[in-house]
Amino acid sequence: MHRLFVALRPPPEIRRQLLALMEGVENARWQDEEQLHLTLRFIGNVERPVAEDIATALDGIRAPAMTLRLRGVGCFDRRGRTTALWAGVHPHDAVAALHRKVDQALARVGLPHEGRAFHPHITLARLNAATGPADAFLARHAGLASEPFSLTHMLLFESTLTRDGASYEAIARYPLD
């Protein structure tokens with residue numbers, strides 16, 4: 001089985017800017033440099049023939065390169081508990097359009113459409129019941145901003161789960177024109 005997702009990878013200077021934020025929340029599982037990405041579509045576990053069909057379908061996507069900026073931070077909650085901290089990106093339109101193209105391409109190979117609303121972000125940390133409060137982090141970095149950065153390709157990643165978290169390997173690269 002291959003655990004896959006499609007993502008955009010910010011350039012090194014943006015990853016360094018994000019890494020510099022990662023402190024101040026007790027027991028947060030901060031992402032490392034290799035884990036920083038903007039997920040376009042999580043796919044999950046698939047057999048090799050389906051993975052090959054996915055790679056072929058993604059190769060057929062045509063979309064323009066995009067210029068984004070970091071913009072603010074936020075969190076995801078589940079049942080009243082904060083589960084993740086993230087950095088926002090702006091503008092959303094180009095990323096959302098690419099997400100729809102990826103979702104449609106994956107549907108053509110038999111995968112179900114994304115069931116949840118798409119919210120473009122870069123995950124900074126995963127939180128659990130032992131994690132301290134994140135309010136101070138969110139307030140301190142609410143004004144997060146960056147210089148514009150260009151994204152000229154999307155990537156198909158394979159994710160391997162370990163005791164220390166997930167490790168990601170880019171297995172295919174698709175240009176954005």
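Tutor: Begin with the order of elements: along the sequence, the protein chain follows the pattern β-α-β-β-α-β-β-α-β-α-β-β-β. That gives four helices and nine strands. Helices (H or I, at least four residues) and strands (E, at least two) are DSSP runs, numbered from the N terminus. This is a predicted model, in which local features need pLDDT of at least 70 and side-chain atom pairs count only at pLDDT 80 or more, while totals for chains, interfaces and linings use all residues. Residues are numbered from 1 along each chain as its sequence is written, and side-chain values use heavy atoms, with hydrogens and water left out.

Student: What is the radius of gyration of the protein chain, and what would a compact globule have?

Tutor: The radius is taken over C-alpha atoms, and the globule rule is 2.2 Å times the number of residues to the power 0.38. For 177 residues the rule gives a value near 16 Å, and the protein chain has 16 Å, which agrees. The C-alpha atoms fill a box of roughly 45 × 35 × 25 Å along the principal axes.

Student: How do I read a sheet?

Tutor: Strands of a sheet pair through backbone hydrogen bonds, either parallel or antiparallel. Here two strands pair if DSSP finds at least two bridges between them. Four strands form an open sheet in the order β3-β1-β8-β9, with antiparallel pairing. Its edge strands, β3 (38-46) and β9 (165-175), each pair on one side only. Within this sheet, β1 (residues 2-8) and β3 pair over seven bridges, and leucine 4 stands opposite glycine 44 in β3.

Student: Which helix lies across β1, β3 and β8?

Tutor: Helix α3 (residues 93-108) does, running at about 20° to β3. Axes are lines fitted to C-alpha atoms, for helices over the stretch in contact (heavy atoms within 4.5 Å). Angles run from 0 to 180 degrees between N-to-C directions.

Student: What does β5 pair with?

Tutor: Strand β4 (residues 66-78) and β5 are antiparallel over eight bridges, with valine 73 opposite alanine 87 in β5. The two form a hairpin with two residues between them, and arginine 79 in the turn has a positive phi of about 55°. β5 also pairs with β6 (residues 121-126) in the antiparallel sense, over five bridges; there alanine 84 stands opposite arginine 126 in β6.

Student: How many residues of β5 are buried?

Tutor: Buried means under 20% relative accessible area, exposed over 50%, partly exposed in between (1.4 Å probe, protein chains only). In β5 (residues 81-90), seven of the 10 residues are buried. For the protein chain, 47% of the 177 residues count as buried.

Student: How many aromatic pairs are there?

Tutor: Rings of Phe, Tyr and Trp (its six-membered ring) pair if their centres lie within 6.5 Å; planes under 30 degrees apart count as stacked, over 60 as edge-to-face and the rest as tilted. By this rule there are five aromatic pairs. In one of them, the rings of tryptophan 30 and phenylalanine 137 have centres 5.5 Å apart and planes at 50°, so the pair is tilted. Tryptophan 30 lies in β2 and phenylalanine 137 in α4, so the pair ties together parts 107 residues apart in sequence. Tryptophan 30 is partly exposed at 22%, whereas phenylalanine 137 is buried at 0%.

Student: Which residues do ring pairs link into a cluster?

Tutor: Phe5, Phe157 and Tyr168.
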